[in-house]
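The stops below can be selected one after another.

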Amino acid sequence: MRSTVGRELRSASAGTCEVDLIHPEVVARVLDGLPDIATMQRVAAVFDTLADPTRARIVAALALDELCVCDVAAVAGLSVSAASHQLKRLRDQDVVTFRKEGRMAYYRLSDPHIRRLIADGIAYVRDGVVG
């Protein structure tokens, strides 16, 4: 990678560098630490799924306790059919999993990472970092 110094000045208020300068050693270190593109596509898909407020609320509820579909519907203010649809979207991204007990399906988060992810997102917003 070549280093280019100062082609033209840019506005600092635009949030850009004022000169073009690449730090090859930093760029190489960062590239070595980045996950592969397939992993990042998967991360983006999970975040896309969680970007819906209804699904985010369902995940927050499931971070507190395992719930049957009817209870998820009640917590999220949805019909059972709509709750099932949202749970399927979450299941498709491996955010939630379920177990059958007779005719009942009980949902829970698939992994402790999801619990931390939603808790950190809630804390981020509650702490006033975003408006």
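Start with a surface view and select Ile37, Met40, Val43, Phe47 and Leu117: together they make a nonpolar surface patch of about 430 Å². Bear in mind that this is a predicted model. Now color helix α2, residues 37-50, which supplies the largest share of the patch, four residues. Phenylalanine 47 is one of the residues placed in this helix.

Stay on helix α2 and show the side chain of arginine 42, together with aspartate 94. The two form a salt bridge, with 3.4 Å between the closest N and O atoms. Arginine 42 belongs to helix α2 and aspartate 94 to the loop between α5 (80-92) and β2 (96-101), so the pair ties together parts 52 residues apart in sequence. Across the whole structure, a search finds five salt bridges.

Next, hide the surface and select helix α3 (residues 53-64) and helix α6 (residues 112-126). Their axes come within 9 Å and cross at roughly 115°. What is the handedness of the crossing of α3 and α6? It is left-handed.

To see the contact itself, show Ala56, Val59, Ala60, Leu62 and Ala63 in α3, then Ile114, Arg115, Ile118 and Ile122 in α6, which they meet. Sorted by class, this contact of α3 with α6 has eight nonpolar residues, one charged and no polar.

Conventions:
Residues are numbered from 1 along each chain as its sequence is written. This is a predicted model: local features need pLDDT of at least 70, side-chain atom pairs count only at pLDDT 80 or more; totals for chains, interfaces and linings use all residues. Side-chain values use heavy atoms; hydrogens and water are left out. Axes are lines fitted to C-alpha atoms, for helices over the stretch in contact, and angles run from 0 to 180 degrees between N-to-C directions. Helices (H or I, at least four residues) and strands (E, at least two) are DSSP runs, numbered from the N terminus. A crossing is left-handed if the near helix is turned anticlockwise from the far one by less than a right angle, and right-handed if clockwise. Contact means heavy atoms within 4.5 Å. Ala, Val, Leu, Ile, Met, Phe, Trp, Tyr, Cys and Pro count as nonpolar, Asp, Glu, Lys and Arg as charged, and the others, Gly among them, as polar. Patches are made of residues with over 30% relative accessible area and no salt bridge: like charges are joined within 9 Å, nonpolar side chains (Val, Leu, Ile, Met, Phe, Trp, Tyr) within 5 Å. Accessible areas come from the Shrake-Rupley method with a 1.4 Å probe; for residues, only the protein chains shown count as cover. A salt bridge is a side-chain nitrogen of Lys or Arg within 4 Å of a carboxyl oxygen of Asp or Glu.
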